Amino acid sequence: MTHSPRDTPRPPASPDICSPAPAKARFWDRLARRYAAAPIADMPGYDRTLQRTQQWLQPHHRVLEVGCGTGTTALRLAPGVARYVATDVSGQMIAIARQKLAGQPCEQLRFETADADTITHERGSCDAVIAFNVLHLVTDLDGAMAACAEALRPGGLFISKTPCLSEMNPLIPWVALPVMRAIGKAPPVHCLNEEDLTAAMKRQDLALITVERHASRGRDTRPYIVARKR
């Protein structure tokens, strides 16, 4: 487990971080096809994340993924579990994911449109909840974490990987991001670090199991965290 305290000044969150789900959906709907066509920047790091996740998942597991995008991760992980429900706020993203599923059928997998902030899943119905590259985009981190924790059975796993803008070049959260937000090229986003994420999990009674960094090159600012519901 790694720990890297950050005591530098924190940039403010985007002023409209509390944008409602329809606004978030419209933003990602516009980007859906470009997002689907873009290559994964660090494929070895991504593969490492999926390999580690597969080690945690079991054939009998019922899995919920929030912020699934166009379904690439879900299509890789779903064949190894009993049930896999993948959700995203963007209907266009989900439409592309369903097209992929039609060409690569997997009976355990289904895609649904749902906001990570307001997921309504039966309490205690999941053995694992996966949240990759989405926690920095939710409206309310504690609210989203609480919803994920509620969906987990006791002993269930919360598996996440999150960009931490506060660990990147300081010009990104202080200068580049506000400019991109002003011209509509970036969504509302939280500037988090590893400690923010682990603290949010502990507030929901999720016990940390591991914190890892999977990037194959450069500085890894996306901690991969596995926690267990007590």
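Arg 217 is exposed, with a relative accessible area of 53% (exposed is over 50%, buried under 20% and partly exposed in between, with a 1.4 Å probe and protein chains only). The model is predicted, so local features need pLDDT of at least 70 and side-chain atom pairs count only at pLDDT 80 or more, while totals for chains, interfaces and linings use all residues. Residues are numbered from 1 along each chain as its sequence is written, and side-chain values use heavy atoms, leaving out hydrogens and water.

A search of the whole structure finds 13 salt bridges (a side-chain nitrogen of Lys or Arg within 4 Å of a carboxyl oxygen of Asp or Glu). One of them joins the side chains of Asp 42 and Arg 217 (3.8 Å, N to O). Asp 42 lies in the loop between helix H1 (21-37) and H2, and Arg 217 in the loop between E6 and E7, so the pair ties together parts that are 175 residues apart in sequence. Asp 42 counts as buried, at 18% relative accessibility. Asp 127, buried at 4% relative accessibility, forms salt bridges with Arg 62 (3.0 Å, N to O) and with Arg 153 (2.5 Å, N to O).

At the start of H2, a side-chain oxygen of Asp 42 comes to within 3.1 Å of the backbone nitrogen of Gly 45. Helices (H or I, at least four residues) and strands (E, at least two) are DSSP runs, numbered from the N terminus. The buried residues of H2 include Gly 45, Tyr 46 and Trp 56. Seen down the axis of H2, its buried residues fall within an arc of 160° (taken from the directions from the helix axis to the C-beta atoms), so they line one face of the helix.

Definitions and conventions. Polar contact = N/O pair within 3.5 Å; in protein donor to acceptor, adjacent residues only side chain to side chain.
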